[in-house]
Every structure is written in structure tokens, then in C-alpha cells.
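Here are some exercises to work through with the model open beside you. Try each task on your own before reading its solution.

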Amino acid sequence: MTEFPFGFGPPNPDDPDRGGKKDPAEQGGQENPAEAFNQLGQMLSQLGQMLSQAGSSSGPVNYDLAKQIALQKLAGQAGFGPPSDSVSAVRDAVHLAEMWLDPATTLPAGATQARSWTARDWVEHTLPTWQRLCDPVARRVSGAWVEALPAEAKQAAGPLLSMVGQMGGMAFGSQLGNALAQLASEVLTSTDIGLPLGPPNTAALVPENIEEFTKGLERPSSEVMVFLAAREAAHQRLFAHVPWLRQRLLATVEEFASGIRVDTSALEQLATQVDPANPASIEEAMRSGMLEPQTTPEQQAALTRLETLLALVEGWVDVVVADATAERLPGADALRETLRRRRASGGPAEQTFATLVGLELRPRRLRAAAALWRLLGDRHGLDVRDGVWAHPDLVPTAADLDEPIDFADRVGRQVEGGDPIDDPIAAIERTEKDEAESADEDPGDKA
């Protein structure tokens with residue numbers, strides 16, 4: 001938690017007009033009463049502005065406040081002004097990457113525009129998606145506060161409940177703003193965390209962050225830029241030409257978050273530690289761990305589906321980019337391994353998601369998924385491999401990642417049986433028929 005939450009900042013000791021105080025020795029050891037009143041007036045003005053924002057915000061999170069905090073934090077960091085040549089560098093890198101990707105996949109280019117983003121741009125363009133991801137958990141937690149109150153307390157509170165809701169929205173907004181500022185200073189592309197956070201059909205890179213990332217590598221910055229552009233372009237091809245994928249990923253995160261259950265006994269204990277007049281105490285309570293979500297079986301199932309789908313996306317991108325860059329970039333293998341480890345460990349998004357949505361966003365089985373896609377492509381070709389994305393019922397499951405050879409054999413039988421893999425209806429009907437026949441045979445086998 002920040003020391004000065006919700007827009008309050010530390011006073012500048014050299015600027016009394018901004019609320020700072022000069023050394024009392026410079027004033028004969030006494031405070032200037034006029035200056036003290038001036039500071040109080042400024043604080044009240046800030047408080048009024050903050051409450052005005054809360055009153056105009058709807059929903060469980062004050063996203064206006066989140067955006068303001070994130071942008072203010074990023075504005076105070078050096079090196080976030082976009083270089084004059086960053087726009088052309090990103091555009092050229094994406095263009096080159098698209099040409100390299102063409103022979104590596106049957107999916108055509110999905111990005112209609114290439115963008116060079118600053119960290120502040122990343123916040124601006126991804127906030128709508130964050131709103132969709134954070135609203136479910138915020139509603140659950142905010143609602144739990146009210147549900148935990150006895151009926152008499154609810155009746156007595158009356159209009160105060162709406163104020164509690166506003167304060168909770170401000171607390172969530174502050175938490176989100178701080179998290180987004182940290183994340184924006186580390187992400188490399190719009191799809192860096194595996195989810196399609198940015199606008200559709202837009203390949204976006206963050207050159208300043210890429211430059212910082214490159215300092216820890218022994219590769220030319222231009223090489224790193226093209227490699228990351230290839231990953232971003234590959235993600236965009238997948239999200240653009242697999243219509244169900246974007247919705248399925250975001251909906252699975254929403255499903256996990258909406259299933260959160262808050263321990264009301266913890267809320268009762270927490271009530272003794274929260275000062276309703278102090279928004280900072282509410283934020284501190286949320287970060288104390290006492291509201292740690294209780295994982296339900298439904299949530300665990302959603303988490304397994306999400307991890308598998310993320311692994312499949314990242315594994316496919318890993319294989320396609322490797323094929324596109326292996327003979328063109330000398331450091332492609334080293335960069336591939338670096339990005340693999342970064343994604344497998346959760347990268348910059350892990351703590352953010354653990355805090356905001358209640359889950360760790362990492363493709364734990366990235367290597368297994370990459371091995372499955374490689375096997376499928378080697379055995380049956382790119383048309384069959386990429387055709388698996390035609391329908392969600394065709395993509396591999398967590399069990400298939402354990403037995404990739406069985407999955408490849410099953411796909412091969414579908415193709416040999418005359419059911420094109422890119423015809424999902426025929427493939428699904430054949431699978432259902434095989435399962436029905438297998439179920440009919442089981443009783444006789446047991447007998």
C-alpha cells in the first residue's frame with residue numbers, strides 16, 4: 001500500500017505553495033499560521049475532489065481513480081517518453097515478423113495495425129479489459145461486506161451503506177491503480193501475459209520496457225524487438241482467426257472470480273480493524289490476506305481449464321515463432337528459452353492477478369503444450385495442426401497434454417476417416433459416436 005493513498009502525495013519541502021513546510025529555523029522556529037491554513041485548505045480541496053470522483057463512479061471499482069493513480073505514478077518515472085524512432089521501429093519489426101510467420105502457420109495475419117505504446121498508453125488501452133476481469137471479484141467482496149451485517153445493522157445504516165460502497169470502490173480503485181502502474185512498467189507487448197488485453201487486431205509493443213528487458217540479455221536490441229514482434233503478431237493471428245478464443249479466455253477468468261466466497265467470520269474480525277473514516281484502512285484490510293478467497297471445486301475446474309488454455313496458446317505461439325525465427329535470428333533459441341521461463345514463472349502479471357482476481361496467471365504446462373503442437377505438426381502438417389483451433393471441443397485437454405501421442409493418433413484417425421479436422425461438426429459427431437459405441441461395449445466387457 002502506498003504511504004499517501006487516493007491522490008494524496010508527500011509535500012515538497014522546497015515548495016510551500018504545494019503544501020510543503022520550510023524549516024522552522026528559517027522562520028524563527030515558529031509555524032506560519034497562514035501557511036498552516038493554506039495546507040489545510042489544499043487537503044480539504046483534494047478530499048472534496050476525491051469524494052466527488054467516488055460519487056460519480058458506478059460499479060464496485062472506481063476505475064477513474066485507478067486510472068488517475070496509475071498515470072500519476074508512471075508520469076513520475078524517468079524514461080517513459082517515447083523515442084522519436086520507436087513508431088517506425090515497431091512498425092518495421094511487426095512487418096518483418098509477419099512475413100516470417102506466413103510460412104510457419106496457415107492462419108493469416110491478424111493485426112491490421114502496429115502500435116508503439118508507452119506505459120501510459122498501455123494503461124489507457126487495457127483498462128476496459130481489466131474492468132471486465134476485476135468487476136466479478138470486487139462485486140463478491142463488496143457484497144460480502146453488506147451480507148455479513150445483521151439485519152438490524154443494515155436497517156440502521158441506511159444511506160451509509162452507499163457510502164461504504166463508494167469507499168470500497170475507492171479502495172479497489174487505489175489497489176488496481178498501483179498494480180497497473182507496476183505492471184505497465186514491465187510488460188513488453190499487449191499480449192505479454194497471455195490474455196488479449198488490448199484492442200482487437202492491434203499489435204502493440206512497449207519499446208521503453210523492451211529496452212530495459214534487453215539490458216539483461218546479450219543480444220542486439222533490434223533482434224529482441226523483432227522476436228517480440230513475432231510473438232505479438234502470432235498471438236494476434238490466433239485471437240483474430242479463432243473467434244471463440246478471446247471470449248473463452250476472458251470468460252474463464254470471470255467464471256473463476258465470480259465463484260469467490262468470502263469468509264464472513266473473517267469479515268467480522270476485520271470490522272474491528274477498519275476505520276470507516278479512513279479509506280487507507282480499508283485498502284490495508286484488503287491486502288492483509290484476511291479476505292483470501294476460498295477455492296471451491298467449481299473454481300478449481302475453471303482454473304484447470306484456464307491454465308490448460310493458456311498453455312495451449314503459449315505453446316502454439318512458442319512453436320510457430322520458433323519455426324519463423326530459428327534460421328533468421330542467431331539468438332532465437334536463447335530468447336525463446338528466456339521468454340519460456342518468464343512465462344512459466346508467471347512474469348510480471350502473477351502478483352497482480354493474485355491480488356486483483358485471486359488467481360496466479362501462469363501457463364504451468366507450456367512445455368508440454370509446445371511438445372504436443374510440435375508433434376501434431378510433424379505428423380500431420382500445418383493444416384491439421386492449426387485446424388484444431390476451429391472449435392473449442394477439438395482443442396487438447398489437460399489429459400491430452402499428459403498423452404500427446406494418443407491425441408496425435410486420434411487426430412490422425414479422424415483425418416484418415418474422412419473427417420477434415422477443420423470441419424468441427426463432423427469431428428465432434430465422430431467423437432460422440434466413438435464414445436457412445438465405447439459406452440455400449442463396456443457392460444459386455446465387464447460381464
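## Exercise 1: helix 3 against helix 8

Helix 3 and helix 8 cross in a right-handed sense. This is a predicted model, so keep that in mind throughout.

**Task.** Describe how helix 3 and helix 8 pack: which angle, which axis distance, and which residues meet?

**Solution.** 
- Step 1: start with the geometry. Two packed helices are described by the angle between their axes and the distance between the axes. Here the axes of helix 3 (residues 86-101) and helix 8 come within 8 Å, crossing at roughly 65°.
- Step 2: pick out the residues. From helix 3 you'll find V90, A93, V94, L96, A97, E98, W100 and L101, and these meet M225, V226, A229, A230, A233, A234 and R237 of helix 8.
- Step 3: sort them by class. The contact of helix 3 with helix 8 has 13 nonpolar residues, two charged ones and no polar ones.

## Exercise 2: helix 8 against helix 13

**Task.** Work out whether helix 8 is oblique or roughly parallel to helix 13, and say which residues make the contact.

**Solution.** 
- Step 1: read off the numbers. Helix 8 (residues 221-241) packs on helix 13 (residues 332-344) at an angle of about 55°, and the axes are 11 Å apart.
- Step 2: classify the angle. Roughly parallel would need an angle under 35 degrees, and roughly perpendicular runs from 65 to 115.
- Step 3: Helix 8 and helix 13 make a right-handed crossing.
- Step 4: list the contact. Helix 8 brings E223, V224, F227, L228 and R231, while helix 13 brings A332, L335, R336, L339 and R343. By class, the contact of helix 8 with helix 13 comes to six nonpolar, four charged and no polar residues.

## Exercise 3: helix 13 against helix 15

**Task.** How do helix 13 and helix 15 pack, and what classes of residue sit in their contact?

**Solution.** 
- Step 1: get the geometry. The angle between helix 13 and helix 15 is about 130°, with the axes 10 Å apart. That makes helix 13 oblique to helix 15.
- Step 2: E337, R340, R341 and R343 of helix 13 touch L366, R367 and A370 of helix 15.
- Step 3: sort them. The contact of helix 13 with helix 15 holds five charged residues, two nonpolar ones and no polar ones.

## Exercise 4: two arginines

**Solution.** 
- Step 1: look for its partner. The C-alpha atoms of R342 and I193 are separated by 9.9 Å, though the two residues are 149 apart along the chain.
- Step 2: You'll find R379 in helix 15 (residues 366-380).
- Step 3: check what R379 touches. Setting aside residues up to four places away in sequence, R379 is in contact with I405, A408 and D409.

## Exercise 5: S116, N178 and N201

**Task.** Say where S116, N178 and N201 lie, and whether each is buried or partly exposed.

**Solution.** 
- Step 1: take S116. It belongs to strand 1 (residues 113-116), and at 17% relative accessibility S116 counts as buried. Its side chain makes a polar contact with the side chain of S86 (3.1 Å). Beyond its neighbours within four places in sequence, S116 also has contacts that include V87, V90 and L205.
- Step 2: take N178. This one is in helix 6, and at 13% relative accessibility N178 counts as buried. A polar atom of the N178 side chain lies 2.8 Å from the backbone oxygen of S174.
- Step 3: take N201. It lies in the loop between helix 6 (160-184) and strand 2 (202-205). At 30% relative accessibility, N201 counts as partly exposed. Check its backbone too: N201 has a positive phi of about 60°, although it is not a glycine.

Conventions
Residues numbered from 1 in each chain as written. Predicted model: local features only at pLDDT ≥ 70, side-chain atom pairs only at ≥ 80, totals over all residues. Heavy atoms only, no water. Axes fitted to C-alpha atoms, helices over the stretch in contact; angles between N-to-C directions. Helix = DSSP H or I, 4+ residues; strand = E, 2+ residues; numbered from the N terminus. Left-handed = near helix turned anticlockwise from the far one by under 90°. Contact = heavy atoms within 4.5 Å. Nonpolar A, V, L, I, M, F, W, Y, C, P; charged D, E, K, R; others polar. Buried < 20%, exposed > 50% of the residue type's maximum accessible area, 1.4 Å probe, protein only. Polar contact = N/O pair within 3.5 Å; in protein donor to acceptor, adjacent residues only side chain to side chain. Parallel < 35°, antiparallel > 145°, perpendicular 65-115°, else oblique.
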